[in-house]
Amino acid sequence: MSLLFQIEGAELAYGSHPLLDGAGMRLMRGERVGLIGRNGSGKSSLLRVIAGQATLDGGEMRTTDGVRVVLVEQEPVLPDAPTIRESLVLRGALDDMHDERERWRVEARLDEYLHRLSVRAESDPASASGGERKRAALALAMALEPELLLLDEPTNHLDIGAIALLEEMVQKLPGLILITHDRAFLDRVATRIVELDRGWLRSYPGNFAAYRARKDQELEAEKIAARKFDTFWAQEEVWIRQGIKARRTRDEGRVRRLERLREERAARRERLGNVRLSLDAGERSGKLVAELEHVHQSFSGRVLVRDLSMRLIRGDRLGLVGPNGAGKSTLLKLILGQLAPDSGTVRMGTKLEVAYFDQMREQLDPERTLAETISPGSDWVEMGGNRKHIMSYLADFLFPPERARSPVSTLSGGERNRLLLARLFAKPANLLVLDEPTNDLDIESLELLEDTLADYTGTLLLVSHDRAFLDNVVTQTLVAEDDGHWQEYAGGYSDWLLQRAAPAEAAAAASTRTATTPATPARKGSGAKLSFKEARELGELPARIESLEQEQHALLESMAGLKGSAMQDAAHRATEISGLLEGVYARWEELEARR
């Protein structure tokens with residue numbers, strides 16, 4: 001494998017806050033790296049450095065001659081032009097290409113990717129949604145065929161279909177570095193995880209699942225080392241402060257060592273804290289939260305909801321899934337009684353206290369301060385009968401005291417997400433509505449939000465394109481199907497895939513049998529039975545699953561002591577086992593359903 005780029009001793013600071021502190025990293029051809037880290041750790045800044053849009057304060061970066069690097073930002077900007085296609089021609093500087101044949105080939109590929117990503121090439125870029133701007137920028141990036149593609153939160157604003165298509169496309173790239181909070185995307189795409197933590201870059205072979213197992217072990221070892229260091233440092237401080245007699249005879253070398261210890265401790269940047277989330281479900285709502293009967297809703301002549309009847313009961317955790325424009329946000333407004341249906345009836349339950357997380361963050365006034373946003377006219381937040389000072393409450397969401405009086409307009413996307421969560425959670429709510437809450441959150445905050453929602457006793461409505469988040473949070477899924485029809489399924493996203501796949505597989509099998517064999521009368525009752533071989537296979541599957549899980553667990557445990565090729569082999573096998581387990585579970589579900 002040839003080298004694409006390398007940085008050594010990288011130094012980069014934002015004000016007095018170091019983002020890169022002597023960091024090093026290299027990328028070989030064929031690698032796909034997931035770059036992870038807390039919000040504000042410097043991930044996007046690092047991508048801009050690699051793309052040549054920013055420079056290091058110190059250190060060295062080398063890119064192999066001739067390597068074409070393309071960056072797709074978190075919020076791509078499309079230049080002013082009559083159409084999206086013309087805007088992309090300007091963005092990619094295609095008019096400046098000296099080779100006419102190469103320009104023609106790039107534009108042909110651009111048209112292909114615009115079609116594959118369902119971008120309206122002739123529409124006005126000024127009116128394009130966030131999702132369409134992202135898909136357009138991705139289409140241009142793929143058309144340019146870069147040796148190194150840099151993606152900053154590529155799944156934001158994309159629906160699940162577009163995310164799955166992007167997963168397929170990036171597999172063929174010579175080199176990829178991506179920032180994303182989408183753990184399912186990382187597991188399917190990444191061959192290595194690089195974590196930016198307190199100015200350092202740490203590399204972990206394998207996908208996100210392998211990284212998480214290794215990281216848990218490292219964090220525990222780091223805590224033990226920090227405790228030992230602090231104990232030793234405290235002992236040395238006691239020694240240096242002993243009486244006159246001890247000072248007359250003290251070892252000058254020991255004094256110098258203590259000075260180095262003091263410098264090291266002062267320079268040691270403690271691990272960033274976690275967001276501390278808590279939800280107050282308030283007073284219990286009535287048993288019925290909402291009931292829809294034969295609801296029909298159209299918009300601009302297009303049917304978004306067709307003859308939908310459903311009931312939402314207290315304690316339900318419903319996920320809404322569908323492509324962009326399917327009407328998920330519209331359906332939320334219908335359920336909440338904020339929008340009257342064209343036909344049909346919506347009945348709301350009693351004693352409802354609603355908290356609504358809006359994906360456009362329109363509830364945030366950019367001119368207000370953080371403190372005014374959370375608790376207007378008061379320095380206290382009331383939660384579950386307890387009072388908390390606004391400064392302490394904001395600190396729970398990683399906002400330091402000096403930021404409390406800053407206007408909302410100064411916050412980044414991730415910070416605005418945290419502030420909106422803080423605002424929502426500051427008041428009791430027995431019906432929580434979250435419309436794309438995961439955008440811009442780092443993975444640690446996202447997993448903490450999952451844990452918080454797991455303990456929530458109220459009713460939850462969730463719109464999300466994050467497959468892992470849906471699997472970990474919801475108990476039933478309402479899916480947009482063709483022509484405005486919505487269908488409810490038990491479980492999360494993965495459960496929906498299994499339930500959806502079964503009829504399709506059965507229909508395909510029936511079609512194949514019809515085409516290849518003559519029709520014969522079916523024996524009564526024979527259609528649902530398993531053959532002897534299949535029954536024996538079903539009986540052996542639990543042992544097969546247990547064996548694979550034990551092997552994977554043993555591999556992840558052993559990776560802490562492995563290095564080099566041995567580490568890569570173990571990570572590769574652990575990832576391979578994950579795929580095998582998915583197949584075995586799917587086969588088990590199929591045979592159980594037929595039995």
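Predicted model: local features only at pLDDT ≥ 70, side-chain atom pairs only at ≥ 80, totals over all residues.
Rolling a probe the size of a water molecule over the atoms shows where empty space is left. The second largest pocket holds about 1100 Å³ of space. Its lining comprises 27 residues. Nearest the centre of this pocket lie Arg188, Asp471, Ser494, Ser578 and Glu582. Five helices each supply at least two lining residues: α6 (183–189), α7 (208–240), α15 (467–473), α16 (493–516) and α18 (564–594). Of the contributors to this lining, α18 gives the most, with eight residues. Sorted by class, the lining of the second largest pocket contains eleven nonpolar, nine charged and seven polar residues.

Aromatic contacts were examined next. A pair of aromatic rings is described by the distance of the centres and the angle of the planes. Four aromatic pairs were counted. In one of them, the ring centres of Tyr204 and Tyr211 are 5.0 Å apart. Their planes meet at 80°, so this pair is edge-to-face; the cut-off for that class is over 60 degrees. Tyr204 has a relative accessibility of 2% and therefore counts as buried. Tyr211 also counts as buried, because its relative accessibility is 7%. The limit for burial is under 20%. The rings of Tyr393 and Phe397 have centres 5.3 Å apart. Here the planes lie at 55°, so the pair is tilted. Tyr393 and Phe397 are both buried. Tyr204 and Tyr211 also belong to one aromatic cluster, together with Phe208.

Aromatic rings also meet charged side chains. Arg387 lies over the face of Trp380, and the distance to the ring centre is 4.4 Å. Likewise, the charged end of Arg418 sits over the ring of Phe399. In that case the distance to the ring centre is 4.9 Å.

Side chains of opposite charge can pair when their charged atoms come close. Across the whole structure, 27 salt bridges were found. One of them joins Asp442 to Arg38, with the closest N and O atoms 3.1 Å apart. Asp442 lies in the loop between β17 (431–435) and α14 (443–454). Arg38 lies in the loop between β3 (32–36) and α1 (43–50). The pair therefore ties together parts that are 404 residues apart in sequence. Both Asp442 and Arg38 are buried.

The side chain of Arg103 meets that of Asp95, at 2.8 Å from N to O.

Conventions
Residues numbered from 1 in each chain as written. Heavy atoms only, no water. 1 Å grid on protein atoms, 1.4 Å probe; cavity = no way out; pocket = protein on both sides within 12 Å on 5 of 7 lines; lining within 4 Å. Points joined across faces, edges and corners; volume = space filled by probe spheres on them. Helix = DSSP H or I, 4+ residues; strand = E, 2+ residues; numbered from the N terminus. Nonpolar A, V, L, I, M, F, W, Y, C, P; charged D, E, K, R; others polar. Phe/Tyr/Trp six-rings, centres within 6.5 Å; stacked < 30°, edge-to-face > 60°. Buried < 20%, exposed > 50% of the residue type's maximum accessible area, 1.4 Å probe, protein only. Lys NZ or Arg CZ within 6 Å of the ring centre and 35° of its normal. Salt bridge = Lys/Arg side-chain N within 4 Å of Asp/Glu carboxyl O.
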